[in-house]
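Work through the exercises below with the sequence and the model at hand. Each task is followed by a solution in steps.

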Amino acid sequence: MKLQVFDNYDQVSRRAAEIVIEESRKHPQLVLGLATGSTPIGLYREMVQVYQRGQLDFSEATTFNLDEYYPITPDHPQSFRRFMQEHLFDHVNIAPERIHFLSGTAADVESECSRYEAAIEAAGGIDIQVLGIGENGHIGFNEPGTPFHLKTHKVALTENTIQANSRFFERIEDVPRHALTMGISSIMRSRKILLLASGEKKAEAIKAALQGPVTEELPASVLQLHPDVTVMVDKTAATQLEGVPYKA
Ligand code: PGA
């Protein structure tokens, strides 16, 4: 894993955007794996700004989002689909038919998950997968204890994740208790992975992911086994790392 520590969140976002944009210039048919949450908002903001300056063309790109609550309608204010529309899709020229999302309203969850895996495969696999990390080390909605071999599947959210995500909902009871998520094995098949983290709350998970044992108890630790992962963090998220000279 390559580690890059930046002074602040904006620098993490800018550098992550540069990587995505460089790749998309080299390869306009880029297949991008995208994440939701607070962490990638700065990356999307940068991408939108570069697009608005006329320096980015996403007309041939394809996207796959990592996860979606279940059940939830796509137009629900807290759906991940809505989040992506607001932060990225409404502002750049990604073709709607090349935006892929897990459906939070699918009646048959198993066939929805297989449909998604097949769509990723049909697109030629994911070139760059953007990931945040949960305070408990989750990636996507793969909570601690998720077997590494799972592909896209339905999960029950942990109390920790429900608490963390309740900040976006009026009441904690409104947070859906389940989600559909790409599995660890789906994520690990991406050719390149960018793991982003910012803030002290993520410092322990970052330390465990990078320097702890590879264990299903800390899902992000699996990334130690991937050949091309760049971990981009601000210095507050790097405070627990050993042997990293750059300290907050
Ligand atoms: P956050 O969430 O970016 O909102 O902190 C990351 C995650 O839980 O994966």
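**Exercise 1: a sheet and its helix**

In the predicted model, Tyr 70 has His 178 of E8 as its bridge partner. Starting from this pair, find how E4 and strand E8 are paired, and over how many bridges.

Solution.
Step 1. Strand E8 covers residues 178-181, and its pairing with E4 is antiparallel, with 4 bridges.
Step 2. Extend to the whole sheet: the 3 strands are ordered E4-E8-E7, the sheet is open and the pairing is antiparallel.
Step 3. Strand E4 (67-70) and strand E7 (153-156) each pair on one side only, which makes these two the edge strands.
Step 4. On average, neighbouring strands of the sheet are turned by 30° against each other, direction ignored.
Step 5. Helix H4 (residues 109-122) packs on this sheet and touches E4, E7 and E8. The direction of H4 makes about 125° with that of E7.

**Exercise 2: rings around Tyr 69**

Classify the ring pair of Tyr 69 and Phe 80, then that of Tyr 69 and Phe 141.

Solution.
Step 1. The structure has 5 aromatic pairs.
Step 2. For Tyr 69 and Phe 80 the ring centres are 4.6 Å apart and the planes at 40°, so this pair is tilted. Tyr 69 is in strand E4 and Phe 80 in helix H3 (residues 80-87), 11 residues apart.
Step 3. For Tyr 69 and Phe 141 the centres are 5.7 Å apart and the planes at 40°, so this pair is tilted. Phe 141 lies in the loop between strand E6 (128-131) and E7, so the pair ties E4 to a part 72 residues away in sequence.
Step 4. Check burial: Tyr 69 has 1% relative accessibility and therefore counts as buried; Phe 141, at 3%, is buried too.
Step 5. Ring pairs join Tyr 69, Phe 80, Phe 141 and Phe 169 into a cluster.

Terms used. Residues numbered from 1 in each chain as written. Predicted model: local features only at pLDDT ≥ 70, side-chain atom pairs only at ≥ 80, totals over all residues. Heavy atoms only, no water. Pairing = 2+ DSSP bridges. Axes fitted to C-alpha atoms, helices over the stretch in contact; angles between N-to-C directions. Contact = heavy atoms within 4.5 Å. Phe/Tyr/Trp six-rings, centres within 6.5 Å; stacked < 30°, edge-to-face > 60°. Buried < 20%, exposed > 50% of the residue type's maximum accessible area, 1.4 Å probe, protein only.
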